[in-house]
Amino acid sequence: MTRDDRVYHGINSSTPGPARLLVEEPADGPTQRQDITVFGELRDGYGLSWGHVGSGPQRTAALVLADALGLGGEVTIAAQHPLWQANSFLARLRSDFAGDFLVHAAAEWRLPRGAVLRWVRGWWAQFGQGEPPQTVLSAPAATREPGGSLEIM
Amino acid sequence: MPREFYSATRNRDKEPQREFLKGTESLDDNLTGICSSALASLILADRLGIDAQLIDRQSEGSVLWRLRTAFVASFLSWAEDTWRLEGEAVAEWVRGWYVEQGLEVPAGLR
């Protein structure tokens, strides 16, 4: 397994404090997830949130998309980066991703990178111009063999 | 047009049970104990405008079988006890899967 195969894990607990967005190793089930390897945490300087309409889901979407698409380390505060400025192509991508996955999200959710990239590919087929980025074309597999190993389709 | 969504809840204090809803309308009143693959069939069939049993009857390795398997692996395998999935998200993901496979996107996809 490579770190290309990773899962975004949003946690917005009922206790005070900002929501967290972890990047985790894929695991097959709830038991395996109890001792999961956390690759890192995605943050911006303003706090993340979801389950409502507003800037929080937009910032969260920017972080997930920037990481999944490999937009580069320079996107350190993803939502404020010029890439996401209003009227840009990527701003529409971010807005649609937030609407599809984050505006109505439950307090806790998991979304594998491959699912994000497959959604981007579908979105790109409708609204994009030319071929999507290489990261989208080389999305991690969407299926697991019965033994649990990942298969590149 | 209001956004459509699929949602489910599972109560671990009771026997395995799921209440599965599309928007505020239950697709089927007999879904308690439903497995992930059957749930995937219902959701995908709803987006594709086909009968879920058509997906369930597919042989291993067929297009719809692979689509359902990928959908489970992408979404339902990771579902928490309460989850909600937008219809548009499902549609974009399905479109992306067909494009990735080099297949024509079904005309009935919505």
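Hi everyone, let's start with chain B: from the N terminus on, its elements run β-β-β-α-α-α-β-α. That comes to four helices and four strands, where helices (H or I, at least four residues) and strands (E, at least two) are DSSP runs numbered from the N terminus.

A quick word on what we are looking at. This is a predicted model, in which local features need pLDDT of at least 70, side-chain atom pairs count only at pLDDT 80 or more, and totals for chains, interfaces and linings use all residues. Residues are numbered from 1 along each chain as its sequence is written, while chains are lettered from A and ligands numbered from 1 in the order in which they are written.

Now, how do the two chains meet? In chain B, 22 residues are in contact with 23 residues of chain A; contact here has C-beta atoms, placed from the backbone, within 7 Å. On chain B's side, helix H3 (63-74), strand S4 (82-86) and helix H4 (87-101) each give two or more residues. The largest share, 10 residues, comes from H4(B).

Over in chain A, there is an open sheet of four strands, in the order S3-S2-S1-S4, with antiparallel pairing. Two strands pair if DSSP finds at least two bridges between them. Which strands are at the edges? They are strand S3 (38-42) and strand S4 (108-112) of chain A, each pairing on one side only. S3(A) pairs with strand S2 (residues 20-24) of chain A in the antiparallel sense, over four bridges. Look for A:Val23, which stands opposite A:Gly40 in S3(A).

Definitions and conventions: Two residues are in contact if their C-beta atoms, placed from the backbone, lie within 7 Å.
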